[in-house]
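Here are my notebook entries from a first walk through this structure. Have the sequence and the model open beside you as you read.

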Amino acid sequence: MRAALPVLTVLAAILLLWYLAVAPMNIRGALDLAERSGRAVTPETPLARQDVSVWRLMAQNPGQIAAAYELDRPRLPTPQQVGGELWKTTGEMALRGRAMSKRSLIYHAAVTLRSTLWGFVLGTALGILGAVAIVYSRVVDMSLMPWAIISQTIPIVALAPMIIVLSSQLGIEGRGVPKAIIAAYLCYFPVLVGMVKGLRAPAPSQLDLLQTYSASGLQVFLKLRLPSSVPYLFTSLKIGIAASLVGTIVGELPTGAISGLGARILIGDQFGTPLAIWAALLAAALMAGALVTLLDLLQRITLKRMGMQA
Amino acid sequence: MMWLIFALAFWAGAWALNAALARSRWRDTRVVRIAVPVLFGVTLLVLWEGMVRGLGVSPVILPAPSVVAQTFAASTETLWEDFRQTVLKGALTGFAIGASAALLTSVAIDRSAFLTRGLLPIGNFVAALPIIGIAPILVSWFGFDWQSKAAVVVVMVFFPILVNTVQGLRETDAMQRDLMRTYAAGYWHTLLKLRLPAAMPFIFNGLKIATTLALIGAIVAEYFGSPTRGMGFRISTGVGSLSIDLVWAEIAVAALAGTAFYSLVALAERAVTFWHPSQRRR
């Protein structure tokens with residue numbers, strides 16, 4: 001808990017900066033609005049205001065600064081507005097018993113979460129299998145490992161629209177499967193690389209010891225290699241789940257998606273409702289935080305029970 | 001059918017050759033170390049080509065690698081223009097701004113242990129978030145051209161580099177700092193001669209992570225609006241207009257650019273941190 005005070009201070013500073021930034025970001029919008037409703041603003045037309053800096057605008061129209069914090073379609077909403085929008089589309093709808101309606105973010109978050117988890121499970125399983133193959137087979141190691149490393153340097157996400165087109169051409173209904181594939185793909189390589197490291201973590205002396213016990217290959221794997229890879233596994237799982245979520249959201253971005261947090265961002269962009277974008281972003285951030293924290297907790301419990309607490 | 005059989009046979013042959021090479025006594029030579037993965041990659045391409053031709057897959061679904069290569073050769077001008085727009089203007093500018101901002105910030109907050117303790121957990125948390133989602137917001141703030149892409153890249157690369165640098169700046173131990181004190185070195189001297197060099201492996205770690213993020217940010221931000229050029233633009237419109245071969249060519253460019261960018265940073269790392277154990281030649 002030693003870290004709580006500094007973290008809270010920094011968070012408060014960020015929020016303060018955010019609030020301060022809202023006025024200059026929104027003052028033009030606020031003045032346009034005020035002009036249309038017939039109030040006096042200086043300079044009088046939007047064209048004339050274009051060349052005036054936001055600071056001068058704020059100095060000349062101090063009465064309109066408050067309005068900048070209450071726009072319906074702000075360039076930069078206040079944290080309060082974002083939180084309000086998030087509550088309106090989650091908690092409030094849940095209270096009215098419409099948690100799973102298509103207008104609620106809970107529904108969209110569930111869609112995103114489902115694809116993320118499927119992709120995560122698939123990518124992790126394949127990654128672990130690949131790592132086992134690499135550790136036990138020299139050929140696989142020599143041919144696959146360089147590509148696994150190179151693939152980390154490639155912006156794989158560029159493939160996302162392709163995968164969606166491919167799967168729709170192949171007659172796969174809906175977005176769930178292609179999104180999960182993208183998520184799995186992004187999650188695969190971190191897990192693979194981490195697990196290879198983990199499975200190779202035992203020292204030669206430990207392997208030799210098991211040999212003197214005349215342990216079989218399977219026993220060496222189950223009793224030595226697998227347990228010693230667990231810390232590495234959790235570290236890569238945390239990277240993997242974050243990557244899965246990014247993959248799913250990017251998979252929801254190309255035109256045509258209608259459900260999921262990424263689609264909410266896209267629709268908010270197309271319909272010019274910034275509050276919807278910000279609320280979806282906040283929801284995605286909360287989800288990422290929750291998933292990573294959950295894995296972190298699992299890691300602590302597991303490592304503690306295994307006696308490997310760091 | 002011929003194609004399919006040929007591809008499968010090639011696969012089997014290449015795999016056997018790889019297995020033989022991996023077990024042979026030259027297996028630790030440089031040539032074999034490079035030849036085996038290259039052969040594996042070529043096998044994948046041949047298999048892809050064979051499947052597409054053998055099974056008669058429509059080029060709208062999945063073009064053969066040879067078709068992609070032809071498109072690549074035929075449209076180098078477009079590809080170069082997109083490369084300049086997305087990588088040179090968007091990604092590299094953003095990377096430079098974001099990296100310098102992160103380095104300056106971490107040196108600045110490093111003087112206060114309080115700020116460091118507060119920012120590290122937040123930075124770590126933010127580095128795990130799907131930051132890419134802010135792309136539409138930044139595009140609406142900075143316009144369609146490369147400036148908005150650079151802005152997305154700045155935000156994406158900032159936190160990984162910040163977290164790594166802050167961690168690296170803590171790397172020196174008390175003994176080394178005391179030694180600098182006995183030399184009567186001030187804060188800046190200690191920073192420049194001891195702590196920054198000691199932090200370099202960490203900084204480069206952050207920079208290497210950021211290279212991929214920079215390209216991802218620049219490409220994905222173009223899905224939300226861009227002038228009529230750029231790799232992300234070409235990919236999203238190509239998917240819409242079913243010129244899939246051009247899309248694959250763009251993906252190839254993205255892959256090459258990513259690997260080249262990463263290798264450049266890795267080369268710089270080798271030059272700067274030649275003293276670090278991980279850089280020793282085996």
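In which hand, left or right, does H11(A) pass H12(A) in their crossing? I looked it up: H11(A) passes H12(A) in a right-handed crossing, where right-handed stands for the near helix being turned clockwise from the far one by less than a right angle and left-handed for anticlockwise.

A note on what I am reading: this is a predicted model, where local features need pLDDT of at least 70, side-chain atom pairs count only at pLDDT 80 or more, and totals for chains, interfaces and linings use all residues. Residues are numbered from 1 along each chain as written, chains are lettered from A and ligands numbered from 1 in the order written, and side-chain values use heavy atoms without hydrogens and water.

**Entry: H11 and H12 of chain A**
I found H11(A) at residues 204–212 and H12(A) at residues 217–252, packed at an angle of about 145° with axes 11 Å apart. Axes here are lines fitted to C-alpha atoms, for helices over the stretch in contact, and angles run from 0 to 180 degrees between N-to-C directions. Helices are DSSP runs (H or I) of at least four residues, numbered from the N terminus. Gln206(A), Leu207(A) and Leu210(A) of H11(A) meet Val220(A), Leu224(A) and Arg225(A) of H12(A), contact being heavy atoms within 4.5 Å.

**Entry: H13 and H14 of chain A**
Next I checked H13(A), residues 261–271, and H14(A), residues 274–305: their axes come within 8 Å and cross at roughly 160°. That makes the two helices roughly antiparallel, a label for angles over 145 degrees. Their crossing is left-handed. Among the residues making this contact are Leu261(A) and Ile265(A) of H13(A) and Ala280(A) and Met287(A) of H14(A).

**Entry: H9 of chain A**
How many of the ten residues of H9(A) are buried? I noted eight of the ten in this helix (residues 160–169), so it is largely enclosed by the rest of the structure. Buried means under 20% relative accessible area (1.4 Å probe, protein chains only). The buried ones include Met162(A) and Leu166(A). Their cover includes H10 and H12 of chain A together with H10 and H11 of chain B. Just after H9(A), Gly171(A) takes a positive phi of about 85°.

**Entry: Thr116 of chain B**
Last, I looked up Thr116(B), which sits in H5 of chain B, residues 113–127. Thr116(B) is buried, at 4% relative accessible area. The side chain of Thr116(B) reaches the backbone oxygen of Ile109(B) at 3.2 Å.

Conventions:
Angles under 35 degrees count as roughly parallel, over 145 as roughly antiparallel, 65 to 115 as roughly perpendicular and the rest as oblique. Buried means under 20% relative accessible area, exposed over 50%, partly exposed in between (1.4 Å probe, protein chains only). A polar contact is a pair of N or O atoms within 3.5 Å; within protein, one must be able to donate a hydrogen and the other to accept it, and residues adjacent in sequence count only if both atoms are side-chain atoms.
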